[in-house]
Each structure stands twice: as C-alpha cells, then as structure tokens.
Amino acid sequence: MNIEFFQTLENLKQPLMAGLYIHVPFCARKCAYCDFYSVPLAGGPAGDYLQALDRECALLPPGFAPETMFLGGGTPTVLAADDLARLFDLLARRVDLGHVTEWTCEANPGTLDAEKIRALRRAGVNRLSLGVQSFDDRILEFLGRIHTARQAAESFRLLRAEGFENLSLDLIFAVPGAPDGALERDLAQALELGPEHLSVYGLTFEGGTPLARRRDAGEVREVDEEEQLRQYRLVRQSLTSAGFRHYEISNYARPGRECRHNLLYWGPGEYLGLGPAAHSHWAGRRWGNVRNLEAWAAALEQGRAPREFEEALEPEARARETLVFSLRRLDGVERAGFQAETGFDYHALRGEEIAWLVRLGMLEETDDRLRLTEKGLVVSDAVFAELV
Ligand code: SF4
C-alpha cells in the first residue's frame, strides 16, 4: 500500500465530531438531470466494488470512529439484498461503529423491498432519505425517474411499517412544463405522509446531462427566475407553516431532526469519503476520489491513493470557505464561535463585502451573528461568490 497515503491518514488527529461518507456508484438507470457519479448496475460489478471498498476501508486511520455515517450514491438500495449484506459486513469489520449516532442511507422508490429494509435496520441504519422528487407521474417521466408516484408512497409506508422513525423525502421544483398546481400537490402529499425531514431542490440543468442537451436543442426551456422564486417561497411557506424548521437553503426538518451528517458539510466539520467520486475534508486538507469506478478500484488494487485532486487550504482560505459553507445554515454564523474555530474575525476577512451585502439586503447582521436574509437566500450562490 502507498506509504505516504497511509501515513498521511494515520498521523491526522481525530476531530471531536467526524463523519464517514460511502459512495455507492450504481443506479438502475441514469435520470435525465443527474450529474452525480453513478453507472447502471448491469449484473455483477458489485463484487469488484465491494472488494475495492474493503481495501479503501483498510486505509482509514487507526482509531477512526465516526459519529455520523452516510451511505449515498447513486442508489445504495439498487444493490441486491446479499450484496447489501456483504457491504454491511465489511463496514462492521473495518469501521468502529460504536460511536455512530446517525446513520443515513439514500434509497429510491422502485429499489426497496422488506428484505432490504430489514438488512438496513439490522446493520444500524437509523435514517433513510427517499428520492421521491414528485408525486406526479408526468413529472417523474420527464425527469427520467424509474418509479411512479404510487411506488414512492408505498416505499415510504413500507419503511414506516418496518420501523424507520426518521425519514426524509427529496422533492424537486421548477420543472419545465409541470402541470398547474403540481408543486402544491407534491407538498400536500409529502406532508400527508409525515416525514421528519424534507430536502427540496430547484431543478438544475447540469452540463452534459440529457436534460441540458434537450434545452440546448430548444426542446425544453428552463423555468424563469421569477417563477423559480415564487416556487421557492411557496415551498418555504408551506413547510414552515406545517411546523418544519427551514435550517439550510434547501432543507427542512422537524425540530431536532436536522441531518447531522450534512451539517458537517455546512460548517467546519470534518469527514472522510470512500468510494469513487467521494470527497474528504480532514485536518485542513481536501481531496476527491476519481470519478470512475474502474480507475478507483485499480488504484486501490495497485496500492495507490485513488485521488483525483488534493489541496491543503491556507488558514485564511479555509476560514473564508467555512464562512460561505456556514452561511448555508439559516441560523447563520456566530461571530465569536467563528473566530474561535478559524482564528479569523469575519469582518477582517470580508468586511467590505459584508457591509455591501448588508446594504443590498442580502445579509443581516447583529452584534454577534451574520445570516442570509430571505432575499439573500434565493440568490445565495451570488452572495457566496462575493464572500469566498
Ligand atoms: S437515482 Fe439519483 S443518483 Fe441515480 S441517476 Fe437518478 S438522480 Fe442520479
């Protein structure tokens, strides 16, 4: 095994709170809008993937004991029940799971059955995030999803019946050509099912996806900004009046049900990521694994670190990045806490830009805190571009 890579990890200090992300790079079929790294699971590659994952797990720093785990993808639940069982066996062997308080698995309707759900529960998964996206079959077809609205609701009920008490749903808005009132109906149906958490994203046209190609060919038009804004506000209004806390730009939770693992990404938290395309942030360094299943597995087999990039952030750049990530949370950034964490006062880092964004009504500032306003929330990417 590559000695430099091994020592790098071994010598890093264990942070107080750390997460482990595992990327399962398979899907039943690619959705039209998807830019995540995943490949169709076409019979057999899961064995090679599991073997390579086992090798990568062996590189975790000795004593690494995550508090949060996140099995994402891709679609982890597209794995056959016996492959899922092998995945959980190897994690139990290679990872100290004794400190895990939250273990999330992503799943998609159409890939779940009672046997798989029981395997998840037995392994210790205690939070499930279901990719519903819409309860309108026309929208699901437009997005290229493999499931129907009915299957989505059935999957949700099956998860509840099998004992999952912490469930999240993903929804997508700003879908071109969506029937009138579709978003209102999606929100109503989601609320009727009663999840503890919702992630609601506007559809984005990522370069290289079939959806972007259809737009470029003039077949579909993106929903205009004003309408996107109206839909974002509708989501926010509907979910907050139903008792959900809007705690991150696209995320809503019942009190106490915020996703602890994702909060690591939206702050100074540290995490290690395993699997192709997985990212890590650890002890001031960031790296990303190669976005290719075969190249990732080959590197591990040959004893090389399967990284596509790696950077060590200077303290100031790291502090600016922490500022931007932390502003994604609606309770914003606490000034003294930020200084203690990063060693920088945010005014010393970006005082002029902060004052300008406050004047524009994008940020609001009190003596001890900086946060996005509602106006800033809807153009958050532009706000962050000024601060990074
Ligand atoms: S199920 Fe998720 S990860 Fe898989 S192709 Fe669709 S959007 Fe991408």
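User: Start with Ser134. Buried or exposed?
Analyst: Ser134 is buried, at a relative accessible area of 0%. Buried means under 20% relative accessible area, with a 1.4 Å probe and protein chains only. This is a predicted model, where local features need pLDDT of at least 70, side-chain atom pairs count only at pLDDT 80 or more, and totals for chains, interfaces and linings use all residues. Residues are numbered from 1 along each chain as its sequence is written, and side-chain values use heavy atoms, leaving out hydrogens and water.

User: Where is the place of Ser134?
Analyst: In the loop between strand S6 (127–133) and helix H5 (137–143). Helices (H or I, at least four residues) and strands (E, at least two) are DSSP runs, numbered from the N terminus.

User: What does the side chain of Ser134 make a polar contact with?
Analyst: The side chain of Asp186, at 2.9 Å. A polar contact is a pair of N or O atoms within 3.5 Å; within protein, one must be able to donate a hydrogen and the other to accept it, and residues adjacent in sequence count only if both atoms are side-chain atoms.

User: And which residues is Ser134 in contact with, leaving aside neighbours within four places in sequence?
Analyst: Ile139, Leu140, Leu171 and Asp186. Contact means heavy atoms within 4.5 Å.

User: New topic, the ligand. Which residues are around the ligand?
Analyst: Cys27, Arg29, Lys30, Cys31, Tyr33, Cys34, Gly74, Thr75, Asn108 and Arg145. Near means a heavy atom within 4 Å.

User: How does that shell divide by class?
Analyst: Four nonpolar, three polar and three charged residues. Ala, Val, Leu, Ile, Met, Phe, Trp, Tyr, Cys and Pro count as nonpolar, Asp, Glu, Lys and Arg as charged, and the others, Gly among them, as polar.

Notes
Buried < 20%, exposed > 50% of the residue type's maximum accessible area, 1.4 Å probe, protein only.
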